[in-house]
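Subject: Structure for your review

Dear colleague,

Please find below the structure that I am handing over to you. My findings follow directly after it.

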Amino acid sequence: MMSETRTIAVLPPPVPGAPPRTRAPRPERWTMDNGLQVIALPRSTVPQVVLRMAFAAGSAADPAEFPGTASLTGGLLTEGTETMTADELNARLDGLGASVHASVGHDFAEVEAVFLSETLAEGIALMAEVAIRPTFPEREVERIRAESLDAILSRLDEPANVAEDRSALEVFGPAHPYGHPPFGTAEGIRTVPRDALVAFHAAHYRPRGAFLVASGDFDTAELRALLDEAFAGWTGEPPSIGYGADADAAVAAGRLVVVPWEDAAQSEIRIAGLGLDRLSPDWFAGSVANYVLGGSTITGRLGSNLREDKGWTYGARSYFLPGLALGGWVAETAVDVEVTAAAVQEMLSEMRRLADERVPDDELRRAKDAMILSLPRYFETPSGVAGRFVTLEAYSLPHDYWDTYADRVEAVTAEDVQRVARQVFHPDRVVRVVVGAMPEAGA
């Protein structure tokens, strides 16, 4: 039997190409007669509708004498309305398989409603009832007040919370709204009268300047008609909000703050400073630079160093805190007490390296790919879609923001990363906060 010779073609290895582009949903936008802006994103993939309504009624609008008014007001929206008690509202929501809840941040208060598409009419009616016709019953005010006080006091039992609050205070100072948690102080919550909550709602929950994002399975014409009906007769414009002292003047750059914690096994570390204006042309360069440094708790430089190389922590990360005013930037981790000083030094060293050295091309490529390839999951669910477009409206970002996101990330250069790192991450511009113990000096 004769042997057979075969020729096997060796194919060249695949060459990685550019990440695929994601097409963001295209909304329909209109402004109602009362000034409420509506952003509608119909999509029939699942029979669900998510409505998110945002008001400029965050803690930045708190009366000076009652910090926490905005938070307490938001917490009471679902605790009784002109037509339903809190129990009746909850029973109705349970019957519909729906949910309505409110949240309050520094800049905005939001009401989110999630319900089945077949109950669109009743869902919108319930949302309007909660957002514009709460009654703040005395009994519910005292119950939510007590729950809020418990939450504030319990928060102080956690070193991570103390570190978060202290770093914000150090960066922004006591006169700036971002220097305090959005839920206010125990003294403010304890003393704010019910009348102040009613007045706050009447002043700040107004349609002009507010916006509503609708995402999910609905007909836009039907949505428009239902919104016109549900919000008929609701008018007005909220007062403008001042952000007080310039945060830049309050930054304790280079300062080390140690908050002793008795019997601490670990120290919570925060390295924080001012971030970037959300509308800054450097926002994308800053985002890529941050991803390289600590955008991933494992593959970012902070995580690679402290977790993978040293084995000191379960994770280390960094992130921007955007705001209507200039926001912040934070790097955080938790390590055993005996390596606290060394961990702080390693974090500062990584920040200095990013500011002083050009990021290698392969590392820059990985950061860009991770950011671009994560984009599709932002738009997987009605809630995710609504959240992305709330961001757009909240910060007055361009309408094509998500369509051009990948191109803007791609356009960031190594020089851009280094320039923004010098501006934001340089050790000379940040404050170091340690909650726990720091047995070694000099960090």
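The buried residues of helix α8 (residues 220–230) are covered by elements that include β1, β2, α3 and β6. Contact here means heavy atoms within 4.5 Å. Helices (H or I, at least four residues) and strands (E, at least two) are DSSP runs, numbered from the N terminus. This is a predicted model, in which local features need pLDDT of at least 70 and side-chain atom pairs count only at pLDDT 80 or more, while totals for chains, interfaces and linings use all residues. Residues are numbered from 1 along each chain as its sequence is written, and side-chain values use heavy atoms, with hydrogens and water left out.

Which residues of α8 are buried? They are Thr-220, Leu-223, Leu-226, Leu-227 and Ala-230. Because they cover an arc of only 125° around the axis, they lie on the same side of α8; the arc is that of the directions from the helix axis to the C-beta atoms. Ala-221 and Glu-229 are exposed residues on the face turned away from that buried side. Buried means under 20% relative accessible area, exposed over 50%, and partly exposed in between (1.4 Å probe, protein chains only). At the start of α8, a side-chain oxygen of Asp-219 comes to within 3.2 Å of the backbone nitrogen of Ala-221.

Two strands pair if DSSP finds at least two bridges between them. Strand β2 (residues 37–42) pairs with strand β6 (residues 211–216) in the parallel sense over 6 bridges, and Phe-211 in β6 is the bridge partner of Gln-37.

Strand β7 runs parallel to strand β11 (residues 431–436), joined by 5 bridges, and Val-258 has Val-434 in β11 as its bridge partner.

Finally, the structure holds 32 salt bridges. A salt bridge is a side-chain nitrogen of Lys or Arg within 4 Å of a carboxyl oxygen of Asp or Glu. One of them joins Glu-142 to Arg-145, with the closest N and O atoms 3.1 Å apart. Both residues lie in helix α4 (residues 138–155), 3 residues apart, about one turn of the helix. Glu-142 is partly exposed, at 39% relative accessible area, whereas Arg-145 is buried, at 9%. Glu-147 and Arg-143 form another salt bridge (3.1 Å, N to O). Both belong to a network of salt bridges that also links Glu-79, Arg-139 and Glu-140.

With kind regards

Technical notes:
Polar contact = N/O pair within 3.5 Å; in protein donor to acceptor, adjacent residues only side chain to side chain.
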